[in-house]
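Subject: Structure handover

Hello,

Here is the structure I promised to pass on. My notes come after it.

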Amino acid sequence: MLLTLEGLDGSGKTTAWEALHDARPDATFTHEPTDTWYGDAVRRSLGDDDADPLADLFLFTADHADHLSRVVRPALADGDVVISDRYTDSRYAYQAASLADSEIRRPLEYVRGIHGAFTREPDATIYLGVDPETAAARAGATDKFERVSFLAEVQSNYDRLIDAEPERFVRVDASRSPEAVIDRVEDVADRLIEAFHGDDAAVADVDGDGDGA
Ligand SMILES: Nc1ncnc2c1ncn2[C@@H]1O[C@H](COP(=O)(O)OP(=O)(O)OP(=O)(O)O)[C@@H](O)[C@H]1O
Ligand SMILES: Cc1cn([C@H]2C[C@H](O)[C@@H](COP(=O)(O)O)O2)c(=O)[nH]c1=O
């Protein structure tokens, strides 16, 4: 099973992902950007305010292709639960936002289209929801993506992705304390993993809010 964590910069993904290591010691933990030279190239581009948005997209996508073939597909083939801090939706949300003023007419569909032929979509995604102001403040506004106006565009792209596939996403309120967010993410992750492996009770109430939906 492939479970991903998504959200704006500063939403607390990495904090939650690190906490899941203790709760799920047998899972394969991974992240994008990766720690390979592809990921280094991505991080160089993140530090370049003048980087071309299409060049950014293809750097991030190259990193994803390497991540898929080297880590994600082999782990899934071994039957592992794979938990990734950021994955395809980050590209759909961020690069579609940075291409909004480009010659590409429908950036979100374009970025999805590039991935369609080769990617492996997540089985479930936990979305840590926080407003762009809080996100930018927590993240420290240190790179070109950590600006409130840009993060507002990213947030609206995430909203579109969630509206298009509500069955894949579980939203978690990430404006709460770190402890409360971690507890909730651990609980939701447990339910999603159990549901994936066929536990009927977990399927019936996968987000654990008691409403049976
Ligand atoms: N629920 C929370 N409330 C307040 N601060 C938080 C919360 N969760 C995380 N933080 C703090 O916000 C900062 C960013 O957290 P974290 O790195 O987990 O976010 P992230 O979503 O992974 O960000 P990025 O995408 O920029 O890497 C850290 O200083 C962290 O301690
Ligand atoms: C995978 C991925 C990431 N980004 C952006 C989002 C962040 O601003 C940075 C780095 O991510 P981190 O979680 O802070 O390490 O990169 C992106 O724009 N597109 C992507 O595909």
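This is a predicted model: local features need pLDDT of at least 70, side-chain atom pairs count only at pLDDT 80 or more; totals for chains, interfaces and linings use all residues.

Residues are numbered from 1 along each chain as its sequence is written, chains are lettered from A and ligands numbered from 1 in the order in which they are written, and side-chain values use heavy atoms, with hydrogens and water left out.

**Ligand 1**

16 residues surround ligand 1. A residue counts as near if one of its heavy atoms lies within 4 Å of the molecule. The closest are Gly10, Lys13, Thr14, Thr15 and Arg176. By class, the shell has four nonpolar, six polar and six charged residues. The classes are: Ala, Val, Leu, Ile, Met, Phe, Trp, Tyr, Cys and Pro nonpolar; Asp, Glu, Lys and Arg charged; the others, Gly among them, polar.

Now the polar atoms. A polar contact is a pair of N or O atoms within 3.5 Å; within protein, one must be able to donate a hydrogen and the other to accept it, and residues adjacent in sequence count only if both atoms are side-chain atoms. A polar backbone atom of glycine 12 is 2.9 Å from an oxygen atom of ligand 1. An N or O atom in the side chain of threonine 14 is 2.6 Å from an oxygen atom of ligand 1. For arginine 138, an N or O atom in the side chain is 3.3 Å from a nitrogen atom of the ligand. Taken alone, ligand 1 exposes 630 Å², and the protein buries 65% of that. Areas come from the Shrake-Rupley method with a 1.4 Å probe; for residues, only the protein chains shown count as cover.

Helix H1 (13-23) and helix H8 (178-196) each give two or more residues to this shell. H1 has the largest share, three residues. Helices (H or I, at least four residues) and strands (E, at least two) are DSSP runs, numbered from the N terminus.

**Ligand 2**

The residues around ligand 2 include Asp9, Glu32, Phe60 and Tyr94. Its shell has five nonpolar, two polar and four charged residues. Helix H4 (residues 88-98) gives the most, with four residues. An N or O atom in the side chain of arginine 86 is 2.8 Å from an oxygen atom of ligand 2. For arginine 91, a polar side-chain atom lies 2.6 Å from an oxygen atom of the ligand. The side chain of glutamine 95 has an N or O atom 2.7 Å from a nitrogen atom of ligand 2. Taken alone, ligand 2 exposes 470 Å²; the protein buries 85% of that.

**Strands**

Strand S4 (residues 124-129) has five of its six residues buried, so it is largely enclosed by the rest of the structure. Buried means under 20% relative accessible area, exposed over 50%, partly exposed in between (1.4 Å probe, protein chains only). S4 runs parallel to strand S1 (residues 2-7), joined by five bridges. Two strands pair if DSSP finds at least two bridges between them. Leucine 5 has isoleucine 126 in S4 as its bridge partner. S4 also pairs with strand S5 (residues 169-173), in the parallel sense, over five bridges. There, tyrosine 127 partners arginine 171.

**Two residues**

Threonine 34 is in the loop between strand S2 (28-31) and helix H2 (37-46). Its relative accessibility is 2%, so it counts as buried. Its side chain makes polar contacts with the side chains of threonine 36, at 2.8 Å, and aspartate 63, at 2.5 Å.

Serine 98 is in helix H4. A polar atom of its side chain lies 3.2 Å from the backbone oxygen of glutamine 95.

Regards
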